[in-house]
Amino acid sequence: MTNKTNIKLFDNRKVRSVWDAETEKWYISIVDVIEVLTESPNPRKYWSVLKTRLRKEGSELATNCSQLKMQSADGKFYKTDVADVEQLFRLIQSIPSPKAEPFKLWLSQLARERLEEIDDPEQGIERLMEYYHRKGYSEGWINQRLKSIEVRKELTDEWNRRGVKKGQEFAVLTDIITQGWSGMTTKQYKQFKGLKTESLRDNMTNLELVLNMLAEATTTEISKEKQPETLDQSHEIAWQGGEVAGNTRKEIEAKTGKKIVSPLNAKALKANQTKQIER
């Protein structure tokens with residue numbers, strides 16, 4: 001699976017969801033759906049009882065549902081029973097709830113929106129902008145972040161052409177680039193900003209984003225020219241790309257006397273923006 005995890009909201013309730021790019025399907029936490037529909041104080045127990053009943057009735061739904069690791073309320077990731085939209089439609093028929101019909105409409109809209117984004121990526125960008133606006137990010141930061149997504153896509157496309165595997169190999173190369181320009185691994189950088197599961201890029205300042213884009217764009221261009229044939233060669237190119245941006249960072253710091261790699265995260269950045277507006 002090529003997964004993209006999201007938190008969707010139905011009636012202001014969180015529903016953990018994962019988009020699988022290979023099958024082009026949403027996989028949604030069954031326990032979250034049950035909690036929304038039944039408002040049960042123990043949705044896991046409810047699902048356990050329902051699953052047993054469905055098995056006795058010979059339903060394939062209880063045996064065919066998949067499991068994916070999803071983040072729980074304690075911040076840790078646990079294997080969670082998930083179902084695609086089609087399976088959830090069948091499951092909802094077994095759960096008496098006045099919210100059943102509104103939830104079915106919500107599921108239909110969820111599936112339709114994602115397919116529309118595939119056919120027309122501009123719609124996905126617009127929704128992403130709306131998300132960042134709701135989170136309180138500035139217009140300038142949002143434009144920078146969208147540009148960084150474009151630069152990242154060009155880099156991952158280049159890695160795909162060079163036979164780099166998604167997942168662990170992408171992560172290793174990203175780590176090399178990050179360390180090359182910032183002086184920290186991705187994990188160290190996130191710890192420096194006080195992050196756990198949050199996106200590092202969503203918590204960068206404008207200048208951090210710019211340098212990260214420079215590192216990734218440079219890596220892409222070097223890779224296109226050198227056309228690496230092995231992962232080790234891609235490692236070396238990733239370091240070169242990161243180093244170019246790292247040298248730029250050092251020059252800026254020497255001129256300004258300020259450190260660019262900042263412990264500020266999104267929450268602190270927005271608090272600073274609010275203070276500036278009040279002044």
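## Close-up views of a predicted protein chain

**Figure 1. Overview of the chain and its confidence.** The secondary structure of the protein chain comes to 12 helices and 5 strands, where helices (H or I, at least four residues) and strands (E, at least two) are DSSP runs numbered from the N terminus. This is a predicted model, in which local features need pLDDT of at least 70 and side-chain atom pairs count only at pLDDT 80 or more, while totals for chains, interfaces and linings use all residues. Residues are numbered from 1 along each chain as its sequence is written, and side-chain values use heavy atoms, with hydrogens and water left out. The pLDDT, which is the predictor's confidence in each residue from 0 to 100, has a mean of 84 over the protein chain, and 84% of the residues reach 70 or more. Confidence is lowest in strand β1 (residues 3-10), with a mean of 61, and highest in α11, with 97. Over residues 114-121 the pLDDT is below 50, and this stretch has 9 contacts in the model beyond near neighbours in sequence, a contact being heavy atoms within 4.5 Å. Where pLDDT is low, the predicted coordinates should not be read in detail.

**Figure 2. Helices α1 and α2.** Helix α1 (residues 30-38) packs against helix α2 (residues 43-56) at an angle of about 105°, and their axes are 9 Å apart; axes are lines fitted to C-alpha atoms, for helices over the stretch in contact, and angles run from 0 to 180 degrees between N-to-C directions. The two helices α1 and α2 are therefore roughly perpendicular to each other, a term that covers angles of 65 to 115 degrees, whereas under 35 counts as roughly parallel, over 145 as roughly antiparallel and the rest as oblique. On the α1 side Ile30, Val31, Ile34, Glu35 and Thr38 take part, and they meet Pro43, Arg44, Tyr46 and Trp47 of α2.

**Figure 3. Helix α7 and its residue Glu158.** Helix α7 has 23 residues and reaches 34 Å from its first C-alpha to its last, close to the 33 Å expected at 1.5 Å a residue, the expected span being 1.5 Å times one less than the number of residues. Among the buried residues of α7 are Trp141, Ile142, Arg145, Leu146 and Glu158, where buried means under 20% relative accessible area, exposed over 50% and partly exposed in between (1.4 Å probe, protein chains only). Glu158 is buried because its relative accessible area is 0%, and Glu158 touches Thr220, Ser223 and Lys224, not counting residues up to four places away in sequence. The helix α7 is followed by Gly163, whose phi is positive, near 80°.

**Figure 4. The aromatic pair of Tyr137 and Trp141.** A search of the whole structure finds 3 aromatic pairs. One of them joins Tyr137 and Trp141, which are stacked at 4.0 Å centre to centre with 15° between the planes; rings of Phe, Tyr and Trp (its six-membered ring) pair if their centres lie within 6.5 Å, and planes under 30 degrees apart count as stacked, over 60 as edge-to-face and the rest as tilted. Tyr137 counts as buried because its relative accessibility is 12%, and Trp141 counts as buried because its relative accessibility is 5%.

**Figure 5. Helix α8 and its cover.** Helix α8 (residues 168-182) has 15 residues and reaches 21 Å from its first C-alpha to its last, close to the 21 Å expected at 1.5 Å a residue. Its buried residues include Phe170, Leu173, Ile176, Ile177 and Trp181, and what covers the buried residues of α8 includes α7 (139-161), α9 (186-192), α10 (206-226) and α11 (231-256).
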